[in-house]
Amino acid sequence: MDGMTKMWVSFIGIGLMAVAAFLITFARVKTRGIMKGILSFIAFVMLVFGFIYGFFSIL
């Protein structure tokens, strides 16, 4: 993978982690019940994919 591709992959990973942080904060402060669980699960999935993208950008 060339340098520019690694840069874009790392930006995608960083973006996914930032959106996950915003989403989990929103879910904990503004929502209740099943919606809180659904948003938290989506944030967790986004965080995992952000980690995977970040890991592949290092390789």
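User: F55 first. Is it buried, exposed or partly exposed?

Analyst: F55 is partly exposed, because its relative accessible area is 45%. Keep in mind that this is a predicted model.

User: What cut-off makes a pair edge-to-face?

Analyst: The planes must be over 60 degrees apart.

User: Which residues form an aromatic cluster?

Analyst: F51, F55 and F56 form one cluster.

User: Back to W8 and F11. Where do they lie?

Analyst: Both are in helix α1, three residues apart, about one turn of the helix. F11 is partly exposed, because its relative accessibility is 44%.

User: Why would that spacing matter?

Analyst: An α-helix has 3.6 residues a turn, so residues three or four places apart point the same way.

User: Which residues of α1 are buried?

Analyst: V9, G13, L16, A20, L23 and A27.

User: What covers them?

Analyst: The cover includes α2, residues 33–58.

User: Which residues make up the largest nonpolar core?

Analyst: There are seven: L16, A20, L23, A27, L39, A43 and M46. Both α1 and α2 supply at least two residues each. The largest share, four residues, comes from α1.

User: Pick A43. What does it touch, leaving out residues up to four places away in sequence?

Analyst: A43 touches A20, L23 and I24. A20 and L23 are also members of that core.

User: Switching topic. What does UniProt place on this chain?

Analyst: The UniProt record, an unreviewed entry, has "transmembrane region" at residues 6–26 and 38–56.

User: How much of residues 6–26 is helix in the model?

Analyst: 100% helix and 0% strand. The end C-alpha atoms of that span are 30 Å apart.

User: And 38–56, how much helix there?

Analyst: Also 100% helix, with 0% strand. The end C-alpha atoms lie 27 Å apart.

User: Now the turn region. Where does T31 lie?

Analyst: T31 is in the loop between α1 and α2. T31 counts as buried because its relative accessibility is 14%, and the cut-off for buried is under 20%.

User: Which backbone oxygen does its side chain reach?

Analyst: The T31 side chain reaches the backbone oxygen of A27, at 2.5 Å.

User: What about R32, buried or exposed?

Analyst: R32 is in that loop as well. R32 counts as exposed, because its relative accessibility is 75%.

User: F26 came up. Where is it, and what does it contact beyond four places in sequence?

Analyst: F26 lies in helix α1. Its contacts of that kind are T31 and L39. F26 is partly exposed, because its relative accessibility is 37%.

User: How far apart are the C-alpha atoms of F26 and L47?

Analyst: They are separated by 15 Å, and the residues are 21 apart along the chain.

User: Last one, S57. Buried or exposed?

Analyst: S57 is buried, because its relative accessible area is 14%. S57 sits in helix α2.

User: Which backbone oxygen lies by its side chain?

Analyst: That of G54, 2.7 Å from a polar atom of the S57 side chain.

User: What else does S57 contact, past four places in sequence?

Analyst: S57 is in contact with K6, V9 and S10. V9 is one of the buried residues of α1.

Definitions and conventions. Residues numbered from 1 in each chain as written. Predicted model: local features only at pLDDT ≥ 70, side-chain atom pairs only at ≥ 80, totals over all residues. Heavy atoms only, no water. UniProt positions renumbered as here; feature names shortened; annotations may be inferred. Buried < 20%, exposed > 50% of the residue type's maximum accessible area, 1.4 Å probe, protein only. Contact = heavy atoms within 4.5 Å. Polar contact = N/O pair within 3.5 Å; in protein donor to acceptor, adjacent residues only side chain to side chain. Core = buried A, V, L, I, M, F, W, Y, C linked by side-chain atoms within 4.5 Å. Phe/Tyr/Trp six-rings, centres within 6.5 Å; stacked < 30°, edge-to-face > 60°.
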